[in-house]
Amino acid sequence: MSVEGSVETTTGTEAAERPEPRRAPSIWALAGGKGGAGRSLLAANLGVQLARSGRRVVLVDLDLQGSNLHSYLGYQRLPRTLGDFAAGRVTVLSELACETTTGQLRLIGGMQRSELRDEALVFVRHVTEQFSTLSADTIIVDCGSGRSPATIAAFAESNLGILVTTPEPTALESVYLFAESYLRWCLTRALTGETLARVEAGIREAGHDPARLSFRNFMTRIAPIDAGAREAVAEVVRKTRLELVLNQVRAPAEEEIAASLGSGFRKCFGLPLRTAGIVEHDLSVLQASSKRRSLSQQYPNAAATRAIGQTALRLSSASETPRREPEEEWVDLEAIDHYRVLEVAPKASPKEVQSAYQMLKKTFDPETTHLAPVLEAQGLREMLARIEAAYRTLIFLESRATYDQQMRVYGMVEAADGDAAHATAAGAPPEAAPGAAPSDPESGPPEYDGAPPLPDPLSSAPSGEATPGSDDPGPRRVPSTGAQLRHAREARGLSLEAIAGETKVRPSHLKAIERERFADLPAPVFIRGFLREYSRCLGLPPDDVIRLYMLRYEDWRASGRLPGDPI
C-alpha cells in the first residue's frame with residue numbers, strides 16, 4: 001500500500017464541525033482563616049457580578065463545617081448538594097449544579113448534615129478533580145474558615161487565591177496564620193520528605209532553626225543548599241496569585257490596613273499581596289441577608305454592591321493578565337537597597353518617604369503588629385532596625401544624596417530615574433543560575449575553574465599539598481576569605497588598580513575586602529556588589545564567593561569586635 005493511500009484526510013466540513021478544545025476554567029478561591037469576615041457573601045455577589053458581565057460562573061460551597069452560600073442567593077434548601085456527592089448518590093459533579101435567578105450563574109451547594117464518609121482532605125480532592133468537567137468560564141470556591149488541610153487544599157487549587165478579612169486585629173492575625181499554613185502546604189507538596197529533611201538539616205548546620213524562620217528567610221537559605229528544591233517550591237507557590245479583599249471597612253483610616261498587609265506579606269513571606277477591593281460597612285448587607293436575597297439584586301446601588309462590582313472587575317483583569325516573573329522577593333533583606341526596604345520609588349518625595357516609614361513602623365512594631373503569631377520578636381526587631389536605617393538615610397537630603405551617588409557610582413542601580421520598579425542591587429539575590437548544580441553543604445565550598453588552589457591563611461597546609469603556581473593544581477575551591485581572594489588575584493597577575501579600573505570599585509574598598517577590614521567597608525548591600533564585580537573579574541562564581549565571604553562578615557558583626565580586632 002502506498003503512503004498516500006494510508007493517510008486519512010479530513011474534509012473542510014468535518015474540520016468545521018470538530019469542536020474546539022475546551023478552555024480550562026479560571027478558579028477563584030476565597031479563604032482567610034477567620035469566620036465572620038463576609039467570605040460567603042462576597043463569593044455569592046462576585047458570582048452575580050461576573051455572570052451579569054457575560055461569564056458562565058459556577059459557585060461551589062466547600063465550607064465543610066458551615067455551608068450557607070445558598071442563603072445569600074435566596075435559597076432555603078437545594079434539591080441536590082455535595083452531600084449527595086459524598087454519599088455516592090451522584091458521581092458526576094456537574095449534575096449537582098443548580099440554576100439560579102441570575103442567568104449563567106449556577107450553584108453547587110455544600111453539605112448541610114454530617115454526610116462525609118471519607119476523610120475531608122480526600123473528599124476535597126475528589127471534588128476539585130472534577131472542576132475541569134464543569135461548563136464554566138470561572139469557578140468561585142468558598143473554602144470555608146479555619147486552616148484545616150481540606151480548606152488549604154481547596155485554596156491551593158485556585159488560580160486566584162482571594163484572602164478575605166476585616167480590619168479587626170484577630171482577623172488580620174488569622175490572615176497571616178492562614179498564609180503561613182498555606183505556604184507550609186506548598187513546601188510539603190513541592191518537596192519529598194527526604195529532600196525537605198536534607199534542606200532543613202542544611203539550614204540547621206548554618207545555625208538557624210527552620211521552624212522559626214519566616215517563609216522569606218527559609219527560601220533565602222534554601223538557595224545555597226539546593227537550588228532545585230527552591231525552584232520546586234517556587235513553582236507550586238506561583239500557581240496561585242494572591243489577592244486581598246478588605247471587608248466591612250468603617251473609616252478611611254482602616255483602608256491603610258490593606259497597604260500594611262501588603263508590606264507584611266512582602267517582608268515576611270516574600271510574596272506580593274495586591275488589594276483587589278475594599279468594601280465598606282453597609283447596613284444593606286444585613287437587610288438583604290434577612291430577606292434571603294442577593295445584595296446585588298436587592299440593592300444594586302448600595303455602596304457595598306458597587307465596591308463588589310469594582311472588585312470583580314479587578315479580579316477578572318488579574319486572572320487574565322499574564323504574571324511577570326519573578327514577583328517574589330526571596331532575597332536577604334540586607335541585599336536590597338533602602339528604597340526597596342521602604343517600598344518607595346527612587347524619586348519619592350520626603351513626604352512619601354515619611355508616610356511609608358510610618359506605615360512600616362506600625363506594621364512591624366512589636367507593640368502594634370499583627371505579625372506576632374508568625375514572626376518572633378527578634379525577627380521583628382531586626383526588620384524594624386533595617387527600616388529605621390533606610391529611613392534615616394533617605395529622609396535627610398545630604399545623606400540621601402550621598403547614598404544615591406554611591407548607588408550610581410557602584411552600579412547598584414541601572415539609572416537614578418524615578419522608575420517605580422527600582423532595579424535590584426547588583427550584590428543582591430544570591431540565587432543559583434538556571435541549570436547550575438546545587439551546592440552540597442557537606443562537601444565544603446564548591447569547585448571552580450580558574451585559579452590554582454588557594455591556601456587557607458588560617459591553617460598550615462599539609463606537606464605535599466599543592467601551592468599557588470605548582471604544577472599539580474589539586475582540588476580547586478572557591479575563595480572564602482580576603483586573603484584567598486588576594487591569592488586568586490595575584491595568581492592571575494592582576495593589580496588592585498587593574499581590578500578597580502575594570503569594576504569601577506575604589507582600590508581602597510578592594511584593599512579593605514582583601515584585608516577583611518570590615519569596619520572600613522560600606523553597608524552590606526554595597527559589599528555584595530563589590531564582591532560580585534571582583535569575582536567576575538577573576539573568573540570566580542560570584543554567588544558562591546558572596547555567600548562564603550559574607551559569612552565571615554556576619555561573624556565579625558555579630559561578635560562586636562572593634563575595627564582593628566582579628567576575625
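The buried residues of α8 are covered by elements that include α7, α9 (215-222) and α10 (227-238); contact here means heavy atoms within 4.5 Å. The model is predicted: local features need pLDDT of at least 70 and side-chain atom pairs pLDDT 80 or more, while totals for chains, interfaces and linings use all residues. Residues are numbered from 1 along each chain as its sequence is written, and side-chain values use heavy atoms, with hydrogens and water left out.

Helices are DSSP runs of H or I with at least four residues, numbered from the N terminus. Helix α8 (residues 193-205) has 13 residues and spans 18 Å from first to last C-alpha, close to the 18 Å expected at 1.5 Å a residue; the expected span is 1.5 Å times one less than the number of residues. The two sets below use relative accessible area, with buried under 20% and exposed over 50% (1.4 Å probe, protein chains only).

| State in α8 | Residues |
|---|---|
| Buried | T195, L196, V199, E200, G202, I203 |
| Exposed | G193, E194, E205 |

After α8 comes G207, with a positive phi near 95°.

A nonpolar core is a set of buried Ala, Val, Leu, Ile, Met, Phe, Trp, Tyr and Cys residues joined through side-chain atoms within 4.5 Å. The largest has 121 residues, and L62, L82, F131 and F269 have the most contacts inside it. Helix α7 (residues 169-190) gives the largest share of this core, 10 residues. A second, separate core of 36 residues includes L59, L78, L107 and Y299.

Notes: Helix = DSSP H or I, 4+ residues; strand = E, 2+ residues; numbered from the N terminus.
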